[in-house]
Amino acid sequence: MTKALIIGGGIAGAVTAMALRKAGIDAEIFEAYPTGADDVGAFLVLFANGLEALRVIDAHGPVAAHSFPAQRVEFLDGSGERLGERPIAGAAQGTDLGPRTLRRATLYQVLHAEAARRQIAVRHGKRLVGAETVRAADGTRVIASFADGSRAEGDLLIGADGLHSVTRTLIDPAAPRPRYTGQNTVCGYVRETEVPLPPDTYTMIRGKRAFFGCTRAPDGAVWWFANIPGTELDRTGPPDTAPGAWRERVAELFAEDDTPAAALVRASGDRLIASSAYDLATIPTWHTDTMVVLGDAAHAAAPNAAQGASMAIEDGIVLARCLRDRPDPHSAFAAYEELRRERVEKVVAASAGMAKLTATGATRGPAPRGGAARDSAGADDWLTGYRIEW
């Protein structure tokens, strides 16, 4: 049986491993960190395209069970004027495959539980440092080397190792680096509030200085995010800004607006998480004969389109299908790239346009991570209407 080495144990890695198992290919996951579920405070939305992709590998049920839906999105400007309302694409279908909100850590845990149930091995503490292709009379193999001195051998290596991918640089040392978009995303939670919010709705506020979105969870808590202009954060060390300082900074950006944003931020506890937003518009080389990248390692959109997780899920399933149907990894990788490149680069470009508005403090802006994307039931069918035929 063909064996794949998957580098990266996040959302992309777990989904790819399950899709490969469905395609009859053995897979083992190698995760750099000793434990998973980082970025625990952040949350995200999976739209119909991401959930339909999970349906292909029968992993949509647990995700739906650990998330909650939204039916519509309403827009306010900084003066509190209601600009309109629209259904969220997929919500009108009346199924559990409409848009679902959940914490990133929850999605990670659910997918890893599914992978474990399917007896897919995950090796923690395995930070990739090198890989070489070995050609012999009995076939071509790839050997991965890890920082702890260990090695692993397989028929192919899949880089699902995220935005700052080591696999990407092994495939192409001259590959472009991710670009900081000029914005920070801050997520927070309000346990109790008297601020009235409509049910099953994302409220999006185009403030004078930043963009804000929120929704009410089934337990009554308000989940909110803010996309704010700012400098790039240090991702290598501990946070240099305390939650209370973030709370005040974000609240101040909305203080001049006549909206609930500032009050909601100030009512939040210390469960805040801030991150820098990056994108990676295009890289010239996605694969070699034995190695390939997917998800954020191959293409990364700013969080504004709320499609990062869904794109990674789609990638993993399309790649597995290509490996199932093609005679060798190289031809499978080429087919996968042909099927995916145009779509994902279109998403990156669309999200970059949204991020530019937020980073400049414009009063018009779209929905970022944690919010509902700006599509209506049919306007962005190319995005949320995408389906994978297995």
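## Helix pairs and strand contacts in a predicted model

User: Which residues of H8 does H2 meet?
Analyst: On the H2 side, the contact is made by Asn-49, Gly-50, Ala-53, Leu-54 and Val-56. By class, the residues of the contact between H2 and H8 are six nonpolar, three polar and one charged. The partners in H8 are Ser-310, Met-311, Ile-313, Glu-314 and Ile-317.

User: How many of the nine residues of H2 are buried?
Analyst: The buried set of H2 is Ala-48, Asn-49, Gly-50, Leu-51, Glu-52, Ala-53, Leu-54 and Val-56. H2 is thus described as mostly covered, and the count of its buried residues is eight.

User: Asp-200 is another residue with a positive phi that is not a glycine; to which accessibility class does Asp-200 belong?
Analyst: The phi of Asp-200 is about 55 degrees. Asp-200 lies in the loop between strand S13 (179–190) and strand S14 (201–206). With a relative accessible area of 40%, Asp-200 is partly exposed.

User: Moving on to H1 and H4, how are these two helices oriented to each other?
Analyst: H1 covers residues 11–22 and H4 covers residues 104–117. Their axes come within 9 Å and cross at roughly 25 degrees. That angle makes H1 and H4 roughly parallel.

User: Is the crossing of H1 and H4 left-handed or right-handed, and how many charged residues does their contact have?
Analyst: The crossing of H1 and H4 is left-handed. Ile-11, Ala-14, Val-15 and Met-18 in H1 meet Arg-104, Leu-107, Leu-111, His-112, Glu-114 and Ala-115 in H4. Sorted by class, the contact of H1 with H4 has seven nonpolar residues and one polar residue, and the number of charged residues is two.

User: How far does H4 reach from its first C-alpha to its last?
Analyst: H4 has 14 residues. At 1.5 Å a residue, the expected reach is 20 Å, and the model comes close to this value. From first C-alpha to last, H4 reaches 20 Å.

User: Which residue just after H4 takes a positive phi?
Analyst: Within H4 itself, the buried residues include Thr-106, Tyr-108 and Val-110. Just after H4, a positive phi of about 60 degrees is taken by Gln-119.

User: With which residues is Val-122 in contact, leaving aside its neighbours within four places in sequence?
Analyst: Val-122 belongs to strand S8, residues 121–124. It counts as partly exposed because its relative accessibility is 24%. The contacts of Val-122, leaving aside neighbours within four places, are Ile-29 and His-112.

User: How far apart in space are Ala-274 and Val-186, C-alpha to C-alpha?
Analyst: Ala-274 is part of strand S17, residues 273–279, and at 24% relative accessibility it counts as partly exposed. Leaving aside neighbours within four places in sequence, its contacts are Thr-185, Val-186, Leu-233 and Trp-246. Ala-274 and Val-186 are 88 residues apart in sequence, and their C-alpha distance is 4.3 Å.

User: Finally, what percentage of the residues in the protein chain is buried?
Analyst: The protein chain has ten helices and 18 strands. Among its contacts with a separation of 6 or more, 72% come from residues 24 or more positions apart. Of the 390 residues in the chain, the buried share is 56%.

Methods. Residues are numbered from 1 along each chain as its sequence is written. This is a predicted model: local features need pLDDT of at least 70, side-chain atom pairs count only at pLDDT 80 or more; totals for chains, interfaces and linings use all residues. Side-chain values use heavy atoms; hydrogens and water are left out. Axes are lines fitted to C-alpha atoms, for helices over the stretch in contact, and angles run from 0 to 180 degrees between N-to-C directions. Helices (H or I, at least four residues) and strands (E, at least two) are DSSP runs, numbered from the N terminus. Angles under 35 degrees count as roughly parallel, over 145 as roughly antiparallel, 65 to 115 as roughly perpendicular and the rest as oblique. A crossing is left-handed if the near helix is turned anticlockwise from the far one by less than a right angle, and right-handed if clockwise. Contact means heavy atoms within 4.5 Å. Ala, Val, Leu, Ile, Met, Phe, Trp, Tyr, Cys and Pro count as nonpolar, Asp, Glu, Lys and Arg as charged, and the others, Gly among them, as polar. The expected span of a helix is 1.5 Å times one less than its number of residues. Buried means under 20% relative accessible area, exposed over 50%, partly exposed in between (1.4 Å probe, protein chains only).
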